[in-house]
Amino acid sequence: MEVSWNELNESIRACRLCPLAEGILNKVPGQGNANARLMLIGEGPGAEEDRQGLAFVGAAGQLLTRMLAAIGIKREEVFIANAVKCRPPGNRVPKSEETAACLPYLRAQAALIRPQVILLLGATALRAVLGQEKRITQCRGQWIVSKGVFILPTWHPAALLRDPSKKRDAWQDMRALRDKLAELPLKQAT
Ligand code: URA
């Protein structure tokens, strides 16, 4: 049976399945349109996200907002979540056992939203969702269809801030995303 948003958010709030919950200020479950056509999945909260309890509100989030705007998408239209809902200490990359512990929450969110398209932002999201053996350098820009959902791995916006030469690929991926959403029929209202 599907859980409700309230039950899901309460389980995330109470979760102690991995040690990441120790020492955080806030859980960051993710936010946005609960009936979105597009779901974005990042790595995990940073300092600003931890402070506000909201995903992608720091520098990488601002870039993400501009990237979406460039293809005519407002942040309120999409749902944005992370592979882990708690900030890893010192912003380290979440461990595979941490993303595995958190994956049921991400899956439950996707089951409630029923997105048509999922954009995986970076290696951690890619591996958490599609398998630890996956490599972002190989999978980036390649569509994967799973259970009728179109999944596109792309660079994490923080990687674009560190290495602007990756922006060319990212722009290609954003155009592919725009075209995919244009080609799919609109979702039925729930
Ligand atoms: N990076 C992420 O992966 N997620 C956030 O929420 C913020 C930065």
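Which residue in β6 is the bridge partner of L121? The partner is T154. The model is predicted, so local features need pLDDT of at least 70 and side-chain atom pairs count only at pLDDT 80 or more, whereas totals for chains, interfaces and linings use all residues. Residues are numbered from 1 along each chain as its sequence is written, and side-chain values use heavy atoms, with hydrogens and water left out.

**The sheet**

Six strands make up an open sheet of mixed pairing, in the order β1-β3-β2-β4-β6-β5. At its edges are β1 (31-32) and β5, each of which pairs on one side only. Strands (E, at least two residues) and helices (H or I, at least four) are DSSP runs, numbered from the N terminus. Two strands pair if DSSP finds at least two bridges between them.

Strand β4 (residues 117-121) runs parallel to β6 and is joined to β6 by five bridges. Strand β2 (residues 38-42) also pairs with β4 in the parallel sense, over four bridges, and L40 stands opposite L119 in β4. Helix α8 (residues 167-183) packs on the sheet and touches β2, β4 and β6. The direction of α8 makes about 170° with that of β6; axes are lines fitted to C-alpha atoms, for helices over the stretch in contact, and angles run from 0 to 180 degrees between N-to-C directions.

Six of the six residues of β6 (residues 149-154) are buried, that is, under 20% relative accessible area, where exposed means over 50% and partly exposed lies in between (1.4 Å probe, protein chains only). In a regular strand the side chains alternate between the two faces of the sheet. On one side of β6 are V149, I151 and P153, on the other F150, L152 and T154, and all are buried.

Strand β5 (residues 144-146) is antiparallel to β6, with three bridges joining them; S146 has V149 as its bridge partner in β6. The hairpin of β5 and β6 has two residues between the strands.

**Positive phi**

Most residues other than glycine have a negative phi.

**Cores and helix α5**

The largest nonpolar core has 43 residues, of which L38, M39, L40, I41, L119, L120 and L177 touch the most other members. A nonpolar core is a set of buried Ala, Val, Leu, Ile, Met, Phe, Trp, Tyr and Cys residues joined through side-chain atoms within 4.5 Å. Not counting residues up to four places away in sequence, L38 touches L68, I73, V78, F79, P115, V117, L119, L177 and L181. A second, separate core of 14 residues has C15, L20, I24 and C102 among its members.

In helix α5 (residues 123-130), the buried residues are T124, A125, L126, A128 and V129. Their cover includes β2, α4 (96-113), β4, α6 (136-139) and β6.

**Residue L54**

L54 lies in the loop between α2 (47-52) and α3 (59-70). L54 counts as partly exposed because its relative accessibility is 34%. Leaving aside neighbours within four places in sequence, L54 is in contact (heavy atoms within 4.5 Å) with V28, Q31 and E49. V28 is 26 residues from L54 in sequence and 5.4 Å away in space, C-alpha to C-alpha.
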